[in-house]
Amino acid sequence: MDNTLTAILLGILEGLTEFLPVSSTGHLILAQAWFGYDPDQWQQFNIVIQLGAILAVVVSYRKLFWSMGTGVLRRDTESLLFTRNILLGFLPAACIGLLAKDAIEVMLGAPLVVAVALVVGGVLILVLERIIPEREDKGVAALSARTALTIGLVQCLAMIPGTSRSASSILGALAMGVGRKTAAEFSFFLAVPTMLGAATVKILDDPALMAGEATIGWTEIALGFTAAFLVALVIIRAFVAFVSKHGFSPFAWYRIVIGSAFIFWLMA
């Protein structure tokens, strides 16, 4: 497939899946297996398009981030609690990610792990949706320190490719009694430091990335970044509205179907 078309398709795929509980990394790994392209050649590209998705969160919630940031300077209670909860939620991923990065890199090359994780995660979502009652949304600042830290710990399950950072953090939040809207938005906010941290570690560990050497053309990188940003911008708002009304079960069924299909294909 032409590199330009591949870049656009992967950018769209990243934007569609980064904030849904379906695993963007897992989808990119499966796309690599399906299209048969060299993942090492596209490593830099994959990092940059994730930054496009992060930018979509910042743009979508720019007023909130500005309000919370200036509120911290004024020592506003709500702003301080909001910031505390984001930092606590990020802390486990920062610590465990650094310690387990070599094991994570090994799993990133295993499409079968991704497919199985998609199915298992889908089943868990269905179970939790059935047994956990719908709760009132009180906002991220209203979360206790214990709840924020626990959600951060559960988010670390996403280090297994195909599990989904979004799914892990959302399910952790639901299990802790957090409302659907708040769970989804906390997952978005956690994505900013978590993904920036992961991208920084990857860049620092790779001399070529540190030197800014593009393994894929800068045109393709720019197209992928733009596609991921624009699609994620639409998905973020639509996702919150959708889960507030319909819950997470549709995403669970999608995970089970796509994961099962790839298991059969990979083992054929």
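Which side chain does a polar contact of 2.9 Å join to that of Thr-147? The partner is Ser-144. By polar contact I mean a pair of N or O atoms within 3.5 Å; within protein, one must be able to donate a hydrogen and the other to accept it, and residues adjacent in sequence count only if both atoms are side-chain atoms.

Some ground rules. This is a predicted model, where local features need pLDDT of at least 70, side-chain atom pairs count only at pLDDT 80 or more, and totals for chains, interfaces and linings use all residues. Residues are numbered from 1 along each chain as its sequence is written, and side-chain values use heavy atoms, with hydrogens and water left out.

Back to Thr-147. Thr-147 sits in helix 8, residues 145-155. Helices here are DSSP runs of H or I, at least four residues, numbered from the N terminus. With a relative accessible area of 10%, Thr-147 is buried. The scale is this: buried is under 20% relative accessible area, exposed is over 50%, and partly exposed is in between, with a 1.4 Å probe and protein chains only. Not counting residues up to four places away in sequence, Thr-147 touches Met-176 and Val-178. Contact means heavy atoms within 4.5 Å.

Next, Asn-85. Helix 5, residues 77-99, holds Asn-85. Its relative accessibility is 0%, so Asn-85 counts as buried. The side chains of Asn-85 and Arg-84 are joined by a polar contact of 3.0 Å. Set aside the neighbours within four places in sequence, and Asn-85 is in contact with Val-140, Ala-141, Leu-143, Ser-144, Ala-145, Ala-148 and Phe-186. Note Ser-144 in that list. Ser-144 is also the partner of Thr-147 in the 2.9 Å polar contact.

Now helix packing. Start with helix 1, residues 3-17, and helix 12, which spans residues 218-246. Their axes come within 7 Å and cross at roughly 25°. Axes are lines fitted to C-alpha atoms, for helices over the stretch in contact, and angles run from 0 to 180 degrees between N-to-C directions. Helix 1 and helix 12 are therefore roughly parallel. The crossing of helix 1 and helix 12 is right-handed. Handedness is left if the near helix is turned anticlockwise from the far one by less than a right angle, and right if clockwise. On the helix 1 side, the contact includes Asn-3, Thr-4, Ala-7 and Ile-8; on the helix 12 side, it includes Glu-220, Leu-223, Gly-224 and Ala-227. By class, this contact has 10 nonpolar, five polar and two charged residues. For the classes, Ala, Val, Leu, Ile, Met, Phe, Trp, Tyr, Cys and Pro count as nonpolar, Asp, Glu, Lys and Arg as charged, and the others, Gly among them, as polar.

Helix 1 also packs with helix 3, residues 43-60. The angle is about 45°, with the axes 9 Å apart. That makes helix 1 oblique to helix 3. The crossing is right-handed. Ala-7, Leu-10, Gly-11 and Glu-14 of helix 1 meet Phe-45, Ile-49, Gln-50 and Ala-53 of helix 3. The class count is five nonpolar, two polar and one charged.

Helix 2 contributes Gly-26, Ile-29, Leu-30 and Ala-33; helix 7 contributes Pro-111, Val-114 and Leu-118. Six of these residues are nonpolar, one is polar and none is charged.

Two backbone points. Most residues other than glycine have a negative phi. Ser-23 has a positive phi of about 75° although it is not a glycine. Ser-23 lies in the loop between helix 1 and helix 2, and at 4% relative accessibility it counts as buried. Arg-75 also has a positive phi, near 60°. Arg-75 is in the loop between helix 4, 62-73, and helix 5. At 64% relative accessibility, Arg-75 counts as exposed.

Last, Ala-238 in helix 12. Is Ala-238 buried or partly exposed? Its relative accessible area is 42%, so Ala-238 is partly exposed. From Leu-73, Ala-238 is 165 residues away in sequence and 32 Å away in space, C-alpha to C-alpha.

Definitions and conventions: Helices (H or I, at least four residues) and strands (E, at least two) are DSSP runs, numbered from the N terminus. Angles under 35 degrees count as roughly parallel, over 145 as roughly antiparallel, 65 to 115 as roughly perpendicular and the rest as oblique.
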